[in-house]
Amino acid sequence: MTVARSVALFVVAALFEIGGAWLVWQGIREHRGRLWIGAGVIALGLYGVVATLQTDDNFGRVLAAYGGVFVAGSILWGMVADGYRPDRYDVIGALVCLAGMAVIMYAPRGR
């Protein structure tokens, strides 16, 4: 699998997981109702499906690497969906997480 395809899968997984969690949040915390909650639950399930499309056979590695994408994606989602303004420490932390994701997932390994 190319790095580009792997990164694209991480991005799609993040859209489903973060979007799903946001929909559940909106349904419960913002009282938007069961339809929002249900849509969120479906999106969260689709996140699990997309995560399995990574070709690395190590569940722990894939999920650990995805954590970096989740952190950065959550900050971006908050900016777009909720008007969140990250400070420099949020940005630095997200970049550190993305660097960790790259090391975990794409470091050369003897196979």
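A pocket is an open set of grid points with protein on both sides within 12 Å along at least five of seven lines, and its lining residues have an atom within 4 Å of a point. The legends below describe a predicted model.

**Figure 1. The second largest pocket has helices α1 and α3 in its lining.** The residues that line this pocket are Ile18, Ala21, Trp22, Trp25, Gln26, Phe70, Ser74, Trp77, Gly78 and Asp82. α1 and α3 are the elements that each give two or more residues to this lining. Sorted by class, the lining has six nonpolar, three polar and one charged residues. The volume of the second largest pocket is about 190 Å³.

Figure 2. Read from the N terminus, the order of elements is α-α-α-α. The C-alpha trace spans about 50 × 35 × 20 Å along its principal axes. The protein has 111 residues, and 27% of them are buried. Its accessible surface is about 7100 Å², and carbon and sulfur atoms account for 69% of that area. Among contacts between residues at least 6 apart in sequence, 65% join residues at least 24 apart.

**Figure 3. The largest pocket has a volume of about 240 Å³.** The pocket is lined by 14 residues, and the closest to its centre are Val11, Ala14, Val69, Gly73 and Leu76. Which helices each supply at least two residues of the lining? They are α1 (3–29), α3 (59–82) and α4 (88–106). The lining has 13 nonpolar residues, one polar residue and no charged residues.

**Figure 4. The largest nonpolar core has 13 residues.** Phe10, Tyr66, Val69, Met101 and Met105 are the members that touch the most other members. At least two residues of this core come from each of α1, α2 (34–51), α3 and α4. α1 gives the most, with five residues. In soluble globular proteins, nonpolar side chains tend to be buried together. Phe10 touches Gln54, Val62, Ala65, Tyr66, Val69, Met101, Met105 and Tyr106, when residues up to four places away in sequence are left out.

**Figure 5. Helix α3 has buried residues that are covered by other helices.** The buried residues of α3 are Val62, Ala65, Tyr66, Gly68, Val69, Ala72, Gly73, Ile75 and Gly78. An α-helix has 3.6 residues a turn, so residues three or four places apart point the same way. After α3 comes Gly83, which has a positive phi near 75°.

**Figure 6. Val62 lies in helix α3.** Is Val62 buried or exposed? Val62 counts as buried because its relative accessible area is 8%, and the cut-off for buried is under 20%. Leaving out residues up to four places away in sequence, Val62 touches Phe10, Ala51, Gln54, Asp56 and Met105. Met105 is 43 residues from Val62 along the chain, and the C-alpha atoms of the two are separated by 6.9 Å.

**Figure 7. The structure holds one cavity of 30 Å³ or more.** The largest cavity contains about 40 Å³ of space. Its lining consists of Leu9, Phe10, Ala13, Tyr47, Val50, Ala51, Gln54, Val62, Leu63 and Tyr66. The elements that give two or more residues to this lining are α1, α2 and α3. By class, the lining has nine nonpolar residues, one polar residue and no charged residues. Phe10 and Val62, both part of this lining, also touch each other.

**Figure 8. His31 is in the loop between α1 and α2.** Most residues other than glycine have a negative phi. His31 counts as exposed because its relative accessibility is 69%, and the cut-off for exposed is over 50%.

Notes
Residues are numbered from 1 along each chain as its sequence is written. This is a predicted model: local features need pLDDT of at least 70, side-chain atom pairs count only at pLDDT 80 or more; totals for chains, interfaces and linings use all residues. Side-chain values use heavy atoms; hydrogens and water are left out. On a 1 Å grid over the protein atoms alone, a cavity is a set of points where a 1.4 Å probe fits but cannot get out, and a pocket is an open set with protein on both sides within 12 Å along at least five of seven lines; lining residues have an atom within 4 Å of a point. Grid points are joined across faces, edges and corners, and a volume is the space filled by probe spheres set on the points. Helices (H or I, at least four residues) and strands (E, at least two) are DSSP runs, numbered from the N terminus. Ala, Val, Leu, Ile, Met, Phe, Trp, Tyr, Cys and Pro count as nonpolar, Asp, Glu, Lys and Arg as charged, and the others, Gly among them, as polar. A nonpolar core is a set of buried Ala, Val, Leu, Ile, Met, Phe, Trp, Tyr and Cys residues joined through side-chain atoms within 4.5 Å. Buried means under 20% relative accessible area, exposed over 50%, partly exposed in between (1.4 Å probe, protein chains only). Contact means heavy atoms within 4.5 Å. Accessible areas come from the Shrake-Rupley method with a 1.4 Å probe; for residues, only the protein chains shown count as cover.
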